[in-house]
Amino acid sequence: MARPLIISDCDEVLLHMIAPFRDWLGETQGVTFTMNGNDFSRSMHYGDGSAVPGPEMWRLLGAFFDTEMHRQSPIAGAIEGMTELAQDADVVILTNLEDHRQEARTRQLADHGLNIRVFTNQGPKGPAIRAILDEYRPSRAVFIDDIAQHHGSAFEVTPDIARLHLCGEPLLAPHITCAFTQGHAHARIDDWASALPWLKARLHGDTND
């Protein structure tokens, strides 16, 4: 009999990313990172106040993932929550990193106690979710992500999957678009202590919505 399936993002769901990225930028790159609204592209500035241009911003983000992933620490309750969920469900990661970073992400999560399959993706996640569902054919499934546009993509491509918008990073959570208020997620819960009962209920079908 098919098991339930959790498809989860990693950064800001399982591991902090913005905070260590901000610290690394300030310590080594002479760049200040401050979230103003939900526009990531306008958050980075040099010491003279000028904005870091788009190509350089993405280069710095890539450099962080190439050399600084050891700075990332777990979101409170995330590792324990995923470990508990894995007792009764298959659990996989769907992360928007380039494919050549798949092994590094897998090792990173293993170092934090999660020996788990990692799928990499670029762009909207709906098609990737569809492919994972086609492979696993679960009895039911839940998608967890911190970015509203990925919930929108999942809503369009895989409308039958349950969707939880979870952002465990306090620096980011107040600024991002909410997928729940947009109608693309079934709930918005930003802490694992509250999210875990919701997820278990969804996996076991103990819900009417």
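**Close-up views of a predicted model**

**View 1. The largest pocket and its lining.** The lining of the largest pocket consists of 31 residues, and those nearest the pocket centre are F40, W58, L61, I147 and H150. The structure shown here, as in every view below, is a predicted model. The space in the largest pocket comes to about 980 Å³. Sorted by class, its lining has twelve nonpolar, ten polar and nine charged residues. Helices α2 (54-67) and α6 each supply at least two residues of this lining. With four residues, α2 gives the most.

**View 2. Helices α1 and α2.** Two packed helices are described by the angle between their axes and the distance between the axes. Helix α1 covers residues 18-29, and its packing angle with α2 is about 105 degrees, with the two axes 11 Å apart. Angles of 65 to 115 degrees count as roughly perpendicular, so α1 is roughly perpendicular to α2. On the α1 side, the residues that meet α2 are P20, F21, W24, L25 and Q29; on the α2 side they are R59, L60, L61, A63 and F64. By class, this contact of α1 with α2 has eight nonpolar residues, one polar and one charged. L61 of α2 takes part in this contact and is also one of the residues nearest the centre of the largest pocket.

**View 3. Helices α3 and α7.** Helix α3 (residues 78-85) packs against helix α7 (residues 192-204) at an angle of about 15 degrees, and their axes lie 10 Å apart. Angles under 35 degrees count as roughly parallel, and α3 and α7 are therefore roughly parallel to each other. The crossing of α3 and α7 is right-handed. From α3, the residues A78, G81, M82, E84 and L85 meet W192, L196, L199, K200 and L203 of α7. The contact of α3 with α7 has seven nonpolar, one polar and two charged residues.

**View 4. Helices α5 and α6.** Helix α5 runs over residues 126-136 and helix α6 over residues 148-157; they pack at an angle of about 55 degrees, with axes 8 Å apart. This angle makes α5 oblique to α6. Their crossing is right-handed. G126, P127, I129 and R130 of α5 make the contact with S153, A154 and V157 of α6. By class, four of the residues in the contact of α5 with α6 are nonpolar, two are polar and one is charged. Helix α6 also supplies at least two residues of the lining of the largest pocket, shown in View 1.

Definitions and conventions. Residues are numbered from 1 along each chain as its sequence is written. This is a predicted model: local features need pLDDT of at least 70, side-chain atom pairs count only at pLDDT 80 or more; totals for chains, interfaces and linings use all residues. Side-chain values use heavy atoms; hydrogens and water are left out. Axes are lines fitted to C-alpha atoms, for helices over the stretch in contact, and angles run from 0 to 180 degrees between N-to-C directions. Angles under 35 degrees count as roughly parallel, over 145 as roughly antiparallel, 65 to 115 as roughly perpendicular and the rest as oblique. A crossing is left-handed if the near helix is turned anticlockwise from the far one by less than a right angle, and right-handed if clockwise. Contact means heavy atoms within 4.5 Å. Ala, Val, Leu, Ile, Met, Phe, Trp, Tyr, Cys and Pro count as nonpolar, Asp, Glu, Lys and Arg as charged, and the others, Gly among them, as polar. On a 1 Å grid over the protein atoms alone, a cavity is a set of points where a 1.4 Å probe fits but cannot get out, and a pocket is an open set with protein on both sides within 12 Å along at least five of seven lines; lining residues have an atom within 4 Å of a point. Grid points are joined across faces, edges and corners, and a volume is the space filled by probe spheres set on the points.
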